[in-house]
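Good morning, colleagues. Please look at the structure on the screen while I go through its backbone and its interface.

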Amino acid sequence: MPRHLLSAGDLTRGSAELILDTAERIDQAMAGREVRKLPTLRGRTVVNLFFEDSTRTRISFELAAKRLSADVINFSAKGSSVSKGESLKDTAWTLQAMGADAVVCRHSASGAPQQLSGWVDGHVINAGDGTHEHPTQALLDAFTLRRHLGRLDGRRIVVVGDVLHSRVARSNVLLLSTLGAQVTLVAPPTLVPVGVDAWPAQVSYDLDGALTGADAVMMLRVQRERMSGAFFPTEREYSRGYGLDERRRALLADDAIVMHPGPMNRGMEITPGVADGVNSVIVEQVANGVTVRMAVLYLLLSGEMDGGL
Amino acid sequence: MAQPVAGAPEILTEILGGAQIARTIDRIAHQILERNGEQPIVLLGIPTRGVHLAKRLADRLTAFTGRPIPVGSLDITLYRDDLRRRPPRALEETRIPAGGLDNATVVLVDDVLYSGRTIRAALDALRDHGRPAVVQLAVLVDRGHRQLPIRADYVGKNIPTAFGDDVAVHLVEIDGLDSVELARAVPTREEITGLPGEGTS
């Protein structure tokens, strides 16, 4: 297991399974308890360093750290010295001086957490960098999949939507293939990144064909904020070609699940009926996010004196 | 205090064999019954070997009393105070019996009692799962060297050990045989004679 969690690609099958197994145990240990808090990381400091807005991921990390009794500092770029022109390196030195044991970094620039990991002694966790990666989202998706489908070997998982801008898709492809699943990416040709041939996944433009008999479908959010160019003619056309509705859901295998990393554009990439339907595990994904992040923090921050994992 | 040297020769002594372990478990089961009478008892094993010992104890208690005894397991890893000093450990299962722990007599079961830190962590963990009326401790082996004021209520065997000795408990469920072994480093000439040995100062 690496010292930092920067990319889902850095995880071997063994280390990925260790994280998922640990999350399972933590979930067991927390189940049905009045006090939903463990003393595991008492006295440690986790800094949430968010250069990009993300309420959901930040709260999830904050809750995970607090449930392990760590001290949490939330640092958002807005209203901080970053908006006054401080560089990432200066921020890193500040964190270093404050003795942060772990830094959870979200940045709009791909590779920022990687840079940060060279400047601080604490463990760096990538909480989403640009269009690059979001490894803990992939881990929570894998955790959710494993709960519903058991082992992922040979399972067919379809990832649909804005693959070009999606760090979730990239991390999921890397992690799910490490865990033995077959991933198919489905997107309009304009939203498929260059170099996708090198990814351990198949690419298809035919959603109906890909969904038939699949074990899970993961819908991606259409990232309007990143759509400076014209990637598809109209929202309605996108919805018709790549949206998940009741008819398409019925093409999946019987025990298949429907996933979405959120926030959803209801009515565009997914219809409300499917998002709230029986096979949807979208709310469960959020709950699993906290558990998986607790596992990551535990594994990175214990045994620190021996130089990490 | 002599510390074992990696790769140094060791003397292995079998302290308990399979039959003796079975008799020891029977004896502890009787002691638990004598002490607690008709009180409802919950056994909680501390992973890994404590869980199997707890199951065996429960089987014997059921055989003696004719009533089922709830057994669970309590992983204490997340409650340890030395996580920073050790490599990360894979977590084991925590399973609290359906009836819960409130107002029950909980008997913690572990294989070896040593520093007492595991039991301290177990007491912390217990507090998060409920409020037992009484907590007792049963161990197969007490090897001494306590670092905390903790004492077992039921001890299979007291084994006086040196700080650097290693006590290994093997159980059929995990290791394929039942035995308790003491591994002691072969004493140096200095330790035997009190005279400086070759290569020591």
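I begin with His145(B), which sits in the loop between strand E5 (134-142) and strand E6 (154-158) of chain B. The model is a predicted one. His145(B) is not a glycine, and yet its phi is positive, near 65 degrees. Is His145(B) buried, exposed or partly exposed? With a relative accessibility of 29%, His145(B) is partly exposed, because that class lies between 20% and 50%.

Ser69(A) belongs to the loop between helix H2 (55-67) and strand E2 (71-76) of chain A. Its relative accessible area is 16%, and Ser69(A) therefore counts as buried, under the 20% limit. As background, most residues other than glycine have a negative phi, and most peptide bonds are trans.

From Pro47(B) to Thr48(B) the bond is cis, with omega near 5 degrees; Thr48(B) is in the loop between strand E2 (41-45) and helix H2 (49-65) of chain B. The bond from Gly262(A) to Pro263(A) is also cis, with omega near -10 degrees. Pro263(A) is found in the loop between strand E9 (257-259) and helix H10 (272-275) of chain A.

Finally, the interface. Here 17 residues of chain B contact 22 residues of chain A. On the chain B side, Leu78(B), Arg84(B) and Pro88(B) lose the most area to chain A, together 38% of what that side buries. Arg84(B) also forms a salt bridge with Asp101(A), at 3.7 Å from N to O; the count between the two chains is one salt bridge.

Note on methods:
Residues are numbered from 1 along each chain as its sequence is written. Chains are lettered from A and ligands numbered from 1 in the order in which they are written. This is a predicted model: local features need pLDDT of at least 70, side-chain atom pairs count only at pLDDT 80 or more; totals for chains, interfaces and linings use all residues. Side-chain values use heavy atoms; hydrogens and water are left out. Contact means heavy atoms within 4.5 Å. Buried area is the accessible area (1.4 Å probe) that two parts lose on being put together, summed over both. A salt bridge is a side-chain nitrogen of Lys or Arg within 4 Å of a carboxyl oxygen of Asp or Glu. Helices (H or I, at least four residues) and strands (E, at least two) are DSSP runs, numbered from the N terminus. Buried means under 20% relative accessible area, exposed over 50%, partly exposed in between (1.4 Å probe, protein chains only).
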